[in-house]
Amino acid sequence: MCTLEKRGDIFYLTLTGSDEHRLSPTLIASLLAALEEAASQSTRGSVLVTTSAGKFFSNGFDLAWAQSAGSPAGAQQRLHQMVDAFQPVVAALISLPMPTIAAVQGHAAAAGLLLALSHDYVLMRRDRGVLYMSEVDIGLTLPEYFGAVVRAKVSSAAARRDVLLRGRKVRGEEAVAMGIVEGAHDDEDGVVGAGGRLAEELAGRRWDGEVYAEIRKGLYPELCGVLGLATKVIATPRL
């Protein structure tokens, strides 16, 4: 499950527990509800920081739940259910009316990496944790919106190749050099603290969240097309 806590202008979304934070239908629904709540409470200066407890940020979809269907067809159906259910979470992050920060204090794999990349800023630890897109290794093709997120958020073609076609497990300093994350920090307190400091800095700008969201969507037209997110013009100059 996850929790949403508001401290001043900053929303802290935390994946709770010490497990792998597998993206089951239950956790996906909890994430979507938390993002909807944050959006409904957004004001000028709001910022979202997403993090998790334990060793993992998120280890991707709940494949054990899919396989427990008892047949290959049932497992495939459950996997498709999770893929379809997760897309609105990505859309909610891309359209959220506030800056977003992922403070990745552990492993982020497959859909868990996509969850991190769907934020505006990604911070991670240098001492523990990898970013890993496992699909090529486990024999799964990428959903269309997965590829669109990676193309939108990872600018280097070589980095996209290594992450998607080599299944490279990327550690903190490597991820910074590849342009995937903003910074790598020494430990859990370091990465969460850095996320909080960045959030305070962004909150201090007191931006209009709706305008911020529309500018963000304008940066990623292909991704928004895949997600079904329309852009709109908001003419509210700040005098």
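This is a predicted model: local features need pLDDT of at least 70, side-chain atom pairs count only at pLDDT 80 or more; totals for chains, interfaces and linings use all residues.
## Overall form

The protein has 11 helices and nine strands. Its radius of gyration is 17 Å, which agrees with the value near 18 Å that a compact globule of 239 residues would have. Along the principal axes, the C-alpha atoms fill a box of roughly 60 × 40 × 35 Å.

Of the 239 residues, 51% count as buried. Among contacts between residues at least 6 apart in sequence, 72% join residues at least 24 apart.

Strand β3 covers residues 47-52, and six of its six residues are buried. In a regular strand the side chains alternate between the two faces of the sheet.

The partner of β3 is strand β2, residues 10-15; the two run parallel and are joined by six bridges. Within this pairing, Thr14 stands opposite Thr51 of β3.

## A sheet of three strands

An open sheet is built from three strands in the order β4-β6-β8, with parallel pairing. Its edge strands are β4 (56-58) and β8 (131-132), each of which pairs on one side only. Strands of a sheet pair through backbone hydrogen bonds, either parallel or antiparallel.

Strand β6, residues 107-109, pairs with β8 in the parallel sense over two bridges. Ala109 is found opposite Tyr132 in β8.

## The loop residue Ser24

Ser24 belongs to the loop between β2 and α1 (25-40). Is this residue buried or exposed? Ser24 counts as buried because its relative accessible area is 14%, and the cut-off for buried is under 20%.

Apart from neighbours within four places in sequence, Ser24 is in contact with Asp62 and Met82. Ser24 and Asp62 are 38 residues apart along the chain, yet their C-alpha atoms are separated by 5.0 Å.

## Lys153 in helix α6

Lys153 is part of helix α6, which spans residues 144-153. This lysine is buried and has no salt bridge. The nearest side chain of opposite charge belongs to Asp120, 4.9 Å away, whereas a salt bridge needs the atoms within 4 Å.

The side chain of Lys153 does reach the backbone oxygen of His119, at 2.8 Å. Not counting residues up to four places away in sequence, Lys153 touches Ile94, Leu117, Ser118, His119, Asp120, Gly179 and Tyr220.

## Helix α10

Helix α10 runs over residues 209-219, and its buried residues are Gly209, Tyr212, Ala213, Glu214, Arg216 and Lys217. These buried residues pack against α3 (72-94), β5 (100-104) and α11 (221-227).

At the N-terminal end, α10 is capped by Asp208. A side-chain oxygen of Asp208 lies 2.9 Å from the backbone nitrogen of Glu210.

## Salt bridges

Side chains of opposite charge can pair when their charged atoms come close. The count for this protein comes to 14 salt bridges. One of them joins Glu222 and Arg151, with 2.5 Å from N to O. This pair links distant parts of the chain, since Glu222 is in helix α11 and Arg151 is in helix α6, 71 residues apart. Glu222 is partly exposed, at 42% relative accessible area, and Arg151 is partly exposed, at 43%.

Another salt bridge is formed by Asp162 and Arg161, at 3.1 Å from N to O. Here Asp162 is buried, with 7% relative accessibility, while Arg161 is partly exposed at 43%. Arg168 and Glu174 also form a salt bridge, their closest N and O atoms being 3.2 Å apart. The relative accessibility of Arg168 is 27%, which counts as partly exposed, and Glu174 is partly exposed at 31%. Through shared partners, salt bridges join Arg161, Asp162, Arg166, Arg168 and Glu174 into one network.

Conventions:
Residues are numbered from 1 along each chain as its sequence is written. Side-chain values use heavy atoms; hydrogens and water are left out. Helices (H or I, at least four residues) and strands (E, at least two) are DSSP runs, numbered from the N terminus. Buried means under 20% relative accessible area, exposed over 50%, partly exposed in between (1.4 Å probe, protein chains only). Lys and Arg count as positive and Asp and Glu as negative; His and the chain ends are not counted. A polar contact is a pair of N or O atoms within 3.5 Å; within protein, one must be able to donate a hydrogen and the other to accept it, and residues adjacent in sequence count only if both atoms are side-chain atoms. Contact means heavy atoms within 4.5 Å. Two strands pair if DSSP finds at least two bridges between them. The radius of gyration is taken over C-alpha atoms; the globule rule is 2.2 Å times the number of residues to the power 0.38.
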